[in-house]
Structure formats: structure tokens, C-alpha cells
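Please look over the model below before reading on. The notes take the metal site, then the charged pairs.

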Amino acid sequence: MKQPLEFEKPIAELEGKIEELRHLSDGGGVNIAEEVAKLQAKIERQLRQTYQKLTPWQKVQVARHPDRPHASDAIRRLVEDFTPLAGDRVFAEDKAVIGGIGRFRGFSAVVLGTEKGATTEARVRHNFGMAKPEGYRKARRLMELADRFGLPVVTFVDTAGAYPGIDAEARGQAEAIARSIETCLRLRVPMIACVIGEGGSGGAIAIASGNHVIMFEHAVYSVISPEGCASILWRSAEQAQDAAEAMKLTAQDLHKLGVVDEVVQEPLGGAHRQPVEALDALGDRIEAALRKLTPLDGGSLRAKRRDKFLEMGRQGLA
Amino acid sequence: MNWLTNFVRPKLRALVKQRDTPDNLWHKCPGCGQMIFHRDLEANLHVCDKCGHHLRLPALKRLGMLFDEGKYTRIELPKAPVDPLRFRDRKRYTERLKDAQSETSEQDALIVAHGTIGGVPAVVAVFNFDFMAGSMGVAVGESFLAAAKLAKLQQAALIAIPASGGARMQEGILSLMQMPRTVLAVEEVKSAGLPYIVLLTDPTTGGVTASFAMLGDVHIAEPGSLIGFAGQRVIQETIREKLPDGFQRAEYLNDHGMVDLVVPRLELKAALARILGLLMRPKPSAEVVTLPTPEVAIPQQPRV
Ligand SMILES: [Zn+2]
């Protein structure tokens, strides 16, 4: 494991032991197969135990794991003939939002996502997945393109939130987000939103007001980061764990609340261990949702989306 | 929808005389630091007569100053689930709610009323900043939707008056979901061909700004109001630079193309009446009609 999380350290230790054994056996020709198999079984057991009962705060860590599949990985894995499109036609190209047209399992679609970047250089280029107004205006432009050609919209949400900066405010961050939400809700084509990592506040809902909202098992989605919530309500960011508990930000809780329509299982030990398997499982669910939604006409797609959001929250946690 | 039947029934509590004894006879102006006598403050709609600073205006006074002759009818607001997440920080959310309810004598942070402004039918949805900093949760979203529905029913304009710190954090993701929900409310009014005006007051921030508050046909702001998406402290911690003077203030948003007009409070009623008249009475009238002179009425208490 390249970057074990705090609670994954016992597992990382076991993995280290296997490495060590392999290293030793290179020289001496000792038979280590039995020992390795034992350790591997132990790792699997521990992973299962740990990941079955992740606390909300641990889920926040998993959701932010740098090795977790990002929007660009999802597009690379699931979309053929992907043709990236750039710019908001007003001010700039914001690489925190990636998007374009491509073919998803046979369907032409507009695909969009907030991209955090995998390397230091990429993270800077994508501004750590925090979009400025031009990012949301680009999203809106691409959604309108989808609407014009009757193409479904698929989004991959993974962002800590919209970028908090002087320039972003000066160019109307709030207006850009509001318009993006409005555009999601007006679409006469199917819109499927997938929260694959971190669903951070307004920056997430801007591209997640869809007909069908899917969430990875260990992804999180919230109105503010647990740290931010803790520093306001508990007056100390140290209480982020408590905030994470109270906020009900896990996929499981959000499904119960009706905010998320479907939760996709991740491979053992989380999507960051087996990204390809995780993305394929997600792809299957997107495809199933698309097959259900594409036969509907524009008016009912819009009405169903509207009714879903209007009904949301009228009941509390069951 | 049973709340619909309650629509035109005036809220009884509005008839009860509001407690109007000021706790303090003198108020310190946050603008110039001078002391203002409470009666002068009232008479001047909470605008400092020395420096022009706009102090926060209580929600009911706002209604009184905007509607013709200070007359309006409040509507019974739809019920929303209380404490949907069973949230607790250092204190239970249910307790915080109860405290806010007893301090303000209101159920939640949005008040909806209807009447006429410059003779034009209007529904006003005004935030009560005194109620948990005007934060938006399910109850506010439901009430905003009710306001939109009422506007459509009465073929009236909808005026939204945010004064809000943003999301009601104790309602977690459900407060975030009020962004698309209030956007749907705006859509309902707009698709009915009715004007939707936003009067931005101090402060309008976070998810409130990034949803219904930035989708008006016309955006009016009170001078000096803080209006923005991200909080100033968060921005400062992120960029580690000094924020420019007047950043995220009404005038700044006007300069940056996000607000149509910055209008002093004493001229607001007239401006609103003029805009509504222009939008809702587009044709020349067959006979000469004297429009009610937009005078600034300052009711001591809401008259119903
Ligand atoms: Zn002053």
C-alpha cells in the first residue's frame, strides 16, 4: 500500500511482512508460499472487518484517498471516443471541471466531472478539483449541448467544494452555481450523477441535481466539510470526527434520507485498492439507470426529476 | 396539499401585538460608532442618520415598509419535519430550534406575506436573520416553495429578501438540497410569466446566494450588504492575501455585474413599486390612473 490511512496501518504492516518474506526468499530459495498465503488470508480478513464498519470519519478519509479513482479515471475506463470540450465561452477554461462528448456502453453522452488530479502537477492544473465560476459555466454549456442533441448527461462528482477565492467571487461564483443547478433541473434528457469520492457542498450539487444519483459505498456527500462544520458548531476543527458522525454524510445514510437513489458496492478494501473493478461496477449501474430513463420523453424526465427533489426531505431519517 | 387551504387565512399570531419595548434606548452605529436614539433609528428605517449605514432591519418591519400602507397578510407555512437528522453538536438541534422559536415567536427563518406594492399584487418571502442567522433548512425551503405557489395562484410577483448566513448545518445534506428545491420554486414563478425580484440584504451568503438569490429577473441590493458565496475567513485562509476594500459588498457586486441596482432603504419601496409596475402593467392605461404615491410608511407594528 503506497499511502495507508491511519486505520489501515495494521494491514499495511502485514503487507510489509509479505514484501519482506519475498525479499528474503529471493536469495535463499526458501519456500514461503505457505506463509504468504496465511498472511494474505489475514489481510483479507482484516480488510473485511475494517471496511465493514468504517466510521463516518474513516469514510471521509477513504473518500479523499489520493489513489481513489478520479473523474478522469472513470471517463478513461467507461467512455469510448471521449472528445474533451473546453471553455465556458465567456472567460476561461477551468480544468477543475472536465467534460466532453463520448460513447458510454453504446450511448452517445455528455460526460462531466470535477477532477482532483492524481499527481502534484495534475492537482495544481486541476486546482484540486475546486471549480471557479467558469467551471460551472462550462458544465452548464455542456449540459445545454446535451439537451440540444438529446444526449444523456453523466456526471462524476469528486470535489471538496467550489473554490473560495477573490477572483471566483468577483466573477460570480454563486450565480454560476445557481445557474448550473437550474440547468440540471431544466434538462429534457436523462441526467445521472455519481458521487465517486467527495461530494462537497454547492460545488457538488451544481452538477448533481440529476434524475438518478449514485454514490460509491465509501464516498461522502455533505453541505460542508466535517472540519468546517466542527469549527463552526463545535468551535474547533478538532471535533471533525463528531461532526462527521452527526452530519449523516455516508452513502448509507444519504440513501436512507432519499438524497441518493443507489449505492454501489466497492471492492474489498475500497475503490482505491481495485479502481478498475470499482469503476466497472459503477458503469453497470449507470448503464442500468440509463436504460430505464432513455425511453422516457423530455417532459416526463424533467417532471420526474422535479418531483424527486420536491419530495426530498419531507420525511426525516426513517 | 392541506397547507393550500390555509393560504389566505391570516396568521393569527400576526394580530397579536408584538413586544415592542426596546431593550436598549441607544444603539451604537456599526458604521460610524455614534449612538443613535431608538426612536430616530425606527423613524429612519434603521439607517444611521449620521453616516447612512444600513443596520439590519427586522423582518416584520421590512414587510411593513414594502407593502402599500404597511398592510399585508401572512400565510400559514407548511409543516416540515423537525430535526430530520436528530442532530446534536454541543447542544441538541431541537433545543436550538426551541430557543430560536421562543426568542423570535416564529416557527422558522422565513416569513411569507402577500399584499400589494405600488398597487401590484406581490408575495414577499423575507428571511428572519434573528432566527438562527436566517439559515436555510427544510422548513425554509418548504416555505419558499409555498411562496412561489401562492404567487402563481394570485398571479402576483414574487419578491425574495434573503438575510442569511447560508445553510442550516444542523440539517446536513437536507439543507444542501434546499438549493435545487428553491431553484424549482423560482422556475415555477418564472414559467408562469410572473416577475421574480430578489432584494439582497445584509448578509446573503453561502448556499442561499448560490441558489434562488442569484436567479432573479432583477437584483436589487441594499447599500453595504455583504453578498457572496464563500465566507471571507475561508477565502483568507485559502489565498493568504488581504481582501480588497469593499469585497463582497453590494457595490462590489454591482460593479461586477451581479446586482442591477444598489438602492438606499428609504428609496426601496418606490424603486420596487416602479419596477413591478413596469413589468406587470406593460401597456398604456386606457384612462388616467393615479398610482398610489409610494410613500414610506413606518408601521409601529404589523397591521393586518
Ligand atoms: Zn453611523
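**Notes on the metal site and salt bridges**

1. The zinc ion's donor residues follow the spacing C-x2-C-x15-C-x2-C in sequence. They are B:C29, B:C32, B:C48 and B:C51, each giving its SG atom, 2.3 Å from the zinc ion. Donors here are N, O and S atoms within 2.8 Å of the metal (3.2 Å for Na, K and Ca); water is not among the atoms, so sites may look incomplete.

2. This is a predicted model: local features need pLDDT of at least 70, side-chain atom pairs count only at pLDDT 80 or more, and totals for chains, interfaces and linings use all residues. Side-chain values use heavy atoms, with hydrogens and water left out; residues are numbered from 1 along each chain as its sequence is written, and chains are lettered from A and ligands numbered from 1 in the order written.

3. The zinc site is tetrahedral, with angles of 107 to 112° among its four donor atoms. The cut-off for four tetrahedral donors is that all angles lie between 85 and 135 degrees.

4. B:C32 sits in the loop between β1 (26-28) and β2 (35-37) of chain B, and B:C48 in the loop between α2 and α3 of chain B, so this pair ties together parts 16 residues apart in sequence. Helices (H or I, at least four residues) and strands (E, at least two) are DSSP runs, numbered from the N terminus. B:C48 is buried at 3% relative accessibility. B:C32 is partly exposed at 31%. Buried means under 20% relative accessible area, exposed over 50%, partly exposed in between (1.4 Å probe, protein chains only).

5. Over all chains there are 48 salt bridges. Each is a side-chain nitrogen of Lys or Arg within 4 Å of a carboxyl oxygen of Asp or Glu.

6. Which residue forms a salt bridge with B:D202? The partner is B:R56, with the closest N and O atoms 3.3 Å apart. B:D202 lies in the loop between β7 (196-200) and α8 (206-209) of chain B, B:R56 in the loop between α2 (38-43) and α3 (59-66) of chain B, so the pair ties together parts 146 residues apart in sequence. B:D202 is partly exposed at 21% relative accessibility, and B:R56 is partly exposed at 43%.

7. One network of salt bridges with shared partners joins A:R137, A:E175, A:R179, A:E182, A:R186, A:R302 and B:E187. Within chain A, A:E175 pairs with A:R137, closest N and O atoms 2.9 Å apart. Both A:E175 and A:R137 are buried.

Note on methods:
Tetrahedral: all angles 85-135°; square planar, octahedral: opposite > 155°, others 65-115°.
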